[in-house]
Every structure is written in structure tokens, then in C-alpha cells.
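Q: I would like to learn how to read a structure step by step, starting with a single residue and moving on to larger features. Could you take me through it?

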Amino acid sequence: MSTKDDELASLPVVPARHPWRWVGVAFVLVLAAQFVHGLVTNPAWDWPTFARYFTAQSILTAVGTTIVLTVLGTVLGFALGIVVAVLRMSRSPFLQAVGWTYIWAFRSIPLIVQLLFWFNISYLYQRLSLGIPFGPEFVSFETIALISPMGAAVLGLALHQAAYAAEIVRSGVISVDRGQLEAAAALGIPRFRQFRRIVLPQAMRSILPNAANEVISLFKGTSVVSVMAIGELFYQVQVIYGRNARVVALLMVATVWYIILTTLLSIGQHYVERYFARGDRR
């Protein structure tokens with residue numbers, strides 16, 4: 001080793017300094033401290049009213065209704081979305097067109113319009129029947145007794161969710177390398193096992209982040225059903241502040257509940273993603 005190399009080796013190692021990074025951190029901390037200080041000291045937030053209604057029975061019941069709407073909309077939406085995704089990936093041009101048309105229609109129409117349509121379905125069709133097309137009827141029933149406001153909300157949320165779920169599932173499946181399926185077919189592995197053991201575990205890593213994001217969006221999107229006078233969280237908050245005029249405090253009640261539940265969903269997403277990412281970690 002030369003003398004020059006010895007001199008270079010003896011030089012002290014000094015870590016890179018990032019002064020502007022610390023300036024940015026300090027700026028953000030000051031803003032956060034000011035925001036928290038305002039929350040605590042500003043009487044307009046009306047925290048006593050917030051504390052009185054946060055765990056009120058009417059609010060807890062409304063939270064339960066919101067959770068039920070989210071669960072039913074998610075389960076039914078993704079179940080139908082899987083079917084639509086299969087249609088989109090079919091080799092039949094007709095089935096592909098059916099799947100594409102469904103996605104195009106339900107992604108184009110705003111959710112609130114879909115909900116109001118199903119809510120007022122009895123106005124368009126007072127009576128539905130089952131039988132031979134353009135022939136005799138076997139069974140008939142009144143639509144006004146068929147779909148309740150809650151049923152219309154679940155139906156609208158599920159059909160709307162299915163259009164987005166179909167594209168999420170399809171994108172996850174087509175992200176899997178086709179060469180793996182060809183190798184599995186060459187080894188004589190049945191198609192169902194190929195999907196269950198090869199395609200699904202890899203596709204889930206692409207599906208889960210987007211699917212969880214859609215579930216969280218649906219959870220907050222249930223507030224739209226307030227136009228149908230269903231007692232979910234946002235509707236119940238509106239009813240209460242319509243009586244006592246404590247708008248900000250009641251909106252904070254809804255906000256904190258939404259934050260709590262979306263946080264729980266995010267934590268569940270983390271553990272499910274970690275489960276399906278086991279084979280990708282070293």
C-alpha cells in the first residue's frame with residue numbers, strides 16, 4: 001500500500017450533514033404544536049359537547065349501522081367483483097363485453113345517483129314478475145315491499161363497489177408471470193391448484209393494498225346514504241346538531257369515529273399483507 005493510500009485511510013469519516021432537513025423537521029413540529037394548542041385552548045371546538053355525545057347510545061348505534069353497511073357492501077361487492085373480473089379475463093368476446101360494460105356503467109354513474117335510483121325503484125317498476133320472457137308469469141311481487149331503504153343502500157354500495165373490485169382483482173391476477181402457469185401446466189398440476197397455490201398467493205400482494213384502500217373509501221362513503229335517511233354515523237350526527245346547533249362538536253364526533261375505525265382497518269391490512277408477503281421476505 002502506498003503512502004497516499006495510508007494517508008487516505010487515516011482520514012476521519014464525517015457523516016453527511018443535512019441542515020435543511022432539520023429546519024424542515026422543526027417547522028413541521030412548530031406547526032403541529034400550534035395546531036394541538038389551538039385544539040386544546042380554542043373554546044369553539046366545544047370539547048364538553050364532544051365528550052357528551054361521543055359514546056352516546058344513538059352514536060354507537062349509528063357506528064354499528066355504518067360498520068354493517070361497510071361489511072355487507074365489501075363482501076357482496078368483492079364477491080360480484082370476482083365474477084366480473086372472470087368475465088373480463090374470459091376468452092369469450094361476448095363475456096368480455098359484458099364485464100367491460102358493467103364496469104363502465106357503474107364507474108360512470110355517481111354513487112349518490114345509484115343509491116337514489118335503487119331507493120326509488122318502486123316508482124319506476126311498481127311490480128316485478130318471474131316467468132317466460134314475453135309470456136306467462138309464474139310469480140309476481142310488489143317492489144315497494146321488496147327493497148327497504150337499508151336494502152337499497154346495501155345494493156347500491158355493493159354494485160358500485162363491484163365495479164372497482166373487478167379491476168383490482170383483474171390487475172392482481174394479470175400481474176402474475178404467465179411463465180409460472182406454463183411451468184405448472186407442464187408439470188401436470190391441475191388448474192384449480194395452479195390458481196390456489198401459484199396465482200392467488202402472488203396476486204394477493206397486488207390486490208390487498210388496493211382492496212384495503214377501497215374498503216376504507218367505502219367505509220367513509222357510507223355517509224352518502226344519509227340522503228336516504230338511514231341512521232348511519234353521519235346522518236345521526238346531522239340529526240343531533242340539527243337539534244342543538246353544536247355543529248363543530250358533532251362533526252368532530254363523526255371525524256374521530258371515522259379515524260378510529262379506518263385506523264383499525266389499516267392495522268388489519270398491515271398484518272394481512274405481511275402474511276401474504278412471507279415468501280417474498282428474506
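Q: Is Ala212 buried or exposed?
A: In this predicted model, the general idea is that a residue counts as buried when its relative accessible area is under 20%. Ala212 has a relative accessible area of 15%, so Ala212 is buried.

Q: Where is Thr222 placed, and which residues does Thr222 touch?
A: Thr222 is in the loop between α10, which covers 191-221, and α11. When residues up to four places away in sequence are not counted, Thr222 touches Thr66, Leu69, Thr70, Leu157 and Glu232.

Q: How many helices and strands does the protein have, and in what order do the elements run?
A: The protein has twelve helices and two strands. Read from the N terminus on, the order is α-α-α-α-α-α-α-β-β-α-α-α-α-α.

Q: How should I describe two helices that pack against each other, and at what angle do α11 and α12 cross?
A: Two packed helices are described by the angle between their axes and by the distance between the axes. Here the axes of α11 (residues 233-244) and α12 (residues 247-276) come within 9 Å and cross at roughly 165°. Because an angle over 145 degrees counts as roughly antiparallel, α11 is roughly antiparallel to α12. The crossing of α11 with α12 is right-handed.

Q: Which residues make the contact between α11 and α12?
A: On the α11 side they are Leu233, Phe234, Val237, Ile240, Tyr241 and Asn244, and on the α12 side they are Val247, Leu250, Leu251, Ala254, Trp257 and Tyr258. Sorted by class, this contact of α11 with α12 has eleven nonpolar residues, one polar residue and no charged residues.

Q: At what angle do α5 and α8 cross?
A: The axes of α5 (residues 93-108) and α8 (residues 149-174) come within 9 Å and cross at roughly 125°, which makes α5 oblique to α8. This crossing of α5 and α8 is left-handed. In the contact, Tyr102, Ile103, Phe106 and Arg107 of α5 meet Leu159, His160, Ala162, Ala163, Tyr164, Ala166 and Glu167 of α8. By class, the contact of α5 with α8 has eight nonpolar, one polar and two charged residues.

Q: What should I look for in the phi angle, and what is phi of Asp46 and of Ala245?
A: Most residues other than glycine have a negative phi. Phi of Asp46, however, is near 55°, a positive value in a residue other than glycine, and phi of Ala245 is also positive, near 65°. Asp46 lies in the loop between α2 (19-41) and α3 (47-54), while Ala245 lies in the loop between α11 and α12.

Q: Are Asp46 and Ala245 buried or exposed?
A: Asp46 has a relative accessible area of 15% and is therefore buried, whereas Ala245, at 59% relative accessibility, counts as exposed.

Q: What can I say about the protein as a whole, and how many of its residues count as buried?
A: Of the 282 residues of the protein, 32% count as buried. The protein exposes about 18,100 Å², and carbon and sulfur atoms supply 67% of that area. Among the contacts with a separation of 6 or more, 70% are accounted for by residues 24 or more positions apart.

Definitions and conventions:
Residues are numbered from 1 along each chain as its sequence is written. This is a predicted model: local features need pLDDT of at least 70, side-chain atom pairs count only at pLDDT 80 or more; totals for chains, interfaces and linings use all residues. Side-chain values use heavy atoms; hydrogens and water are left out. Axes are lines fitted to C-alpha atoms, for helices over the stretch in contact, and angles run from 0 to 180 degrees between N-to-C directions. Helices (H or I, at least four residues) and strands (E, at least two) are DSSP runs, numbered from the N terminus. Angles under 35 degrees count as roughly parallel, over 145 as roughly antiparallel, 65 to 115 as roughly perpendicular and the rest as oblique. A crossing is left-handed if the near helix is turned anticlockwise from the far one by less than a right angle, and right-handed if clockwise. Contact means heavy atoms within 4.5 Å. Ala, Val, Leu, Ile, Met, Phe, Trp, Tyr, Cys and Pro count as nonpolar, Asp, Glu, Lys and Arg as charged, and the others, Gly among them, as polar. Buried means under 20% relative accessible area, exposed over 50%, partly exposed in between (1.4 Å probe, protein chains only). Accessible areas come from the Shrake-Rupley method with a 1.4 Å probe; for residues, only the protein chains shown count as cover.
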